[in-house]
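Dear colleague,

My notes on it come after the display.

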Amino acid sequence: MKPRTIAYYFRQAVISMGRNTGMSIAAALTVAIALFILGSFLLLVTNANFIAGVLESNVEIAAYLDVDMPRKDAEQMAQQVAAMDLVADVRLVPKEEGLNQLRKQFGDRHDLLSALGGVNPLPDYLKIKVTEPEGVRAVAEAVAGLEGVEKVNYGELVVYRLFSVIYWVRWLGLGSMILLSLSAVFLVAITVRLTVFARRREINIMKYVGATDWFIRWPFFLEGMFLGLTGALVAVASLYGTYQFLVSNIGPALPFVPLVTDSLTVMRHLAWLLLAGTAVGALGSAISVHRFLKV
Amino acid sequence: MIQFINVSKVYPNGNKALADVSFQVDKGEFVFLVGPSGAGKSTVIRMMFREELPTRGQIMIGGKSILRLRRSEIPILRRNMGVVFQDYRLLSDRTAYENIAFAMQVVEAAPWEIRERVPQVLEMVGLSHRADHYPHQLSGGEQQRVAIARAIVNNPRILVADEPTGNLDAETSWQIIHLLNEINKRGTTIVVATHNREIVTTMRKRVLTLEGGALVRDVERGTVRREA
C-alpha cells in the first residue's frame, strides 16, 4: 500500500463523513453512550475487586477463649494454632489489653467502665493472621473446633456479600455491554451503509476500471473506525472526568471505602475502550460493505 | 485475444440469454456485435469483463480462462480492458479531468503519471478545452468521449463498448465511432455492441450477429441484413 493511496483513503473517509454529518454524529454518540456505560461497569468492577482485595488482606480471625482459661493454657493454645497450616501469625491478646482497647474506644466516656467495679469480664483472645485470604474460612473453622475456644469471629459476611455483589455487577455489566455494543455496531453499519449507498455508482465504476476490493473497502473501514474511535474518545473523556469528580468529592465522605485513585491505572482500563470503539466501528462498516462488493 | 467457446447462459429467472455461442476475436480487430434487443449482446459484453459468468462453456481473454479467476485476479483482468456504456457512467461531482484521473488513482498510478497522461487522452478525444467542466455541462457526445478517455487512460489491450452511441444523434455517433476506430488503429482490440445499422454497414468491419441468444452470422467486412 502506497502512502498516497493511504492519503486517498483518509480523504475519502473524511469526505463521506462530511456528507452525512447528522448520521455520523448519531453513530459516534451511540458508540460513546455504549462505551460510557461499559466503562462505568469496568470501573465499578475494578473498584469492587480492589476493595475486596484490601478487605481480604485485612481479614483477621479473633478466637475468643474461655473466660476462665489460665494464661498458661492460653499461651499453649497460641502455639498450637501457630503450628496450623495457612496460619501466618498468632498473637495472644490478654484480657487486660482488651480492656484498655475498650477504654480507648469509649474515649471520653471511659468512666462507664468503672461500673464494672474493677472486674474484667473480657476473655483472652487470639489474633490470627492467615497466609492467604482463601484460607480464612478453613482456619476459622479449625480453630473453632479446638477445646477452650468460646467463639470465633471473622469478616466472613462482609467478604462474601462483597463477592456476590461483584459477581452480579460483572454479569450485569457483561449483559448490558453486549446489548449496547450490538446497537453501536448496528448504528455504525447503518451510517456506513448510507455512505456506501450514496457512492454505489462510484464503487461500480471503480470495479469496471479494475480497483481491488480492498481499495474500495478501506475508505469505508476508516470511516467506521473513525466514528467508533470518536465515540470512544468522547466516552473516555467523560468517564475520566466523572470518575475523578466522584473520587475527589465522594472519596473523602467515605473514608472507610478504599477506591482506585491512581489515574494511570484508571487510564489503562479506559484505553481498552478506545480499542473497543474502533473495533465496533470496523465491524459495523464490514457488515455494510460486504454486501455491496459482490459484482 | 477474446475466445468464446460453446458459451451458454441461463439466468436464474429461467431466461435463456445465450445458447452455445462460439467465436474468436484476434488482437487488433474491430468487431461489431449486432442483433435485436434481447438477442444477448449485453450478456456477451458483460461476460467479457466478467460481470457475468456463463452457465456452460469457456471464455478466454489473452489466452487465459477468466472463469476460474480468484476474486483478487478480477481487477487485473479489468485493468487490461476498457469499458464504455450507453449511459456514460461518469461521476457527476467530478470534472472531466477528475473522472479520467479517477481511473488512474484507482490503479494506484503515480501523481506525475496522472498529470502527464490525462491531458494526453483528453487531447486524443478532442476535449482539452473541456477538462474542467462537469458532466452536466457537457453534451452527450462529449460525455461519451470523456468515458472513452477514461476507458483507455490505463492503456488497456481491449476496449468493449455496449451501445456507445445509443443515446446520441447520428452526427455525434459518427464522431464516437471514428474515435473508436482511431483507438483501434493504435492497436487496441475493440468490440462494439450496437443497434446502429448505418454505422455498421458503412464501417465494413467484422460483424457478429446474435439472434435469440444464438450466433447466426459472422461476416468479415459485414453489413446488417435488412430483416435483422
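Predicted model: local features only at pLDDT ≥ 70, side-chain atom pairs only at ≥ 80, totals over all residues.

Residues are numbered from 1 along each chain as its sequence is written, chains are lettered from A and ligands numbered from 1 in the order in which they are written, and side-chain values use heavy atoms, with hydrogens and water left out.

Chain B as a whole

Chain B contains seven helices and 10 strands; these are DSSP runs numbered from the N terminus, helices being H or I with at least four residues and strands E with at least two. Of its 228 residues, 53% are buried, where buried means under 20% relative accessible area, exposed means over 50%, and partly exposed lies in between (1.4 Å probe, protein chains only). Among the contacts in chain B with a separation of 6 or more, 67% are between residues 24 or more positions apart, contact meaning heavy atoms within 4.5 Å.

Helix H1 and backbone angles in chain B

Helix H1 (residues 41–48) of chain B is mostly covered, with six of its eight residues buried. The buried residues are B:Lys41, B:Thr43, B:Val44, B:Ile45, B:Met47 and B:Met48. Just after H1(B), B:Arg50 takes a positive phi of about 60°.

Most residues other than glycine have a negative phi. B:Asn6, in strand E1 (residues 2–10) of chain B, has a positive phi of about 50° although it is not a glycine; B:Asn6 is partly exposed, at 39% relative accessible area. B:Asp20, in strand E2 (residues 16–25) of chain B, is likewise not a glycine and has a positive phi of about 55°. The relative accessibility of B:Asp20 is 48%, so it counts as partly exposed.

Helix packing

In chain A, helix H8 (residues 213–250) and helix H9 (residues 263–292) pack at an angle of about 150°, with their axes 7 Å apart. Axes are lines fitted to C-alpha atoms, for helices over the stretch in contact, and angles run from 0 to 180 degrees between N-to-C directions. H8(A) and H9(A) are therefore roughly antiparallel; angles under 35 degrees count as roughly parallel, over 145 as roughly antiparallel, 65 to 115 as roughly perpendicular and the rest as oblique. The residues of the contact of H8(A) with H9(A) comprise 18 nonpolar, eight polar and one charged (Ala, Val, Leu, Ile, Met, Phe, Trp, Tyr, Cys and Pro count as nonpolar, Asp, Glu, Lys and Arg as charged, and the others, Gly among them, as polar).

In chain B, the axes of helix H3 (residues 96–106) and helix H4 (residues 111–124) come within 10 Å and cross at roughly 130°, so H3(B) and H4(B) are oblique to each other. Residues of H3(B) in this contact include B:Tyr97, B:Ile100 and B:Gln105, and those of H4(B) include B:Ile114 and B:Val118. By class, the contact of H3(B) with H4(B) has nine nonpolar, one polar and three charged residues.

B:Gln105 of helix H3 of chain B is partly exposed, at 30% relative accessibility. Leaving aside neighbours within four places in sequence, B:Gln105 is in contact with A:Tyr8, A:Phe215 and B:Ile114.

With kind regards
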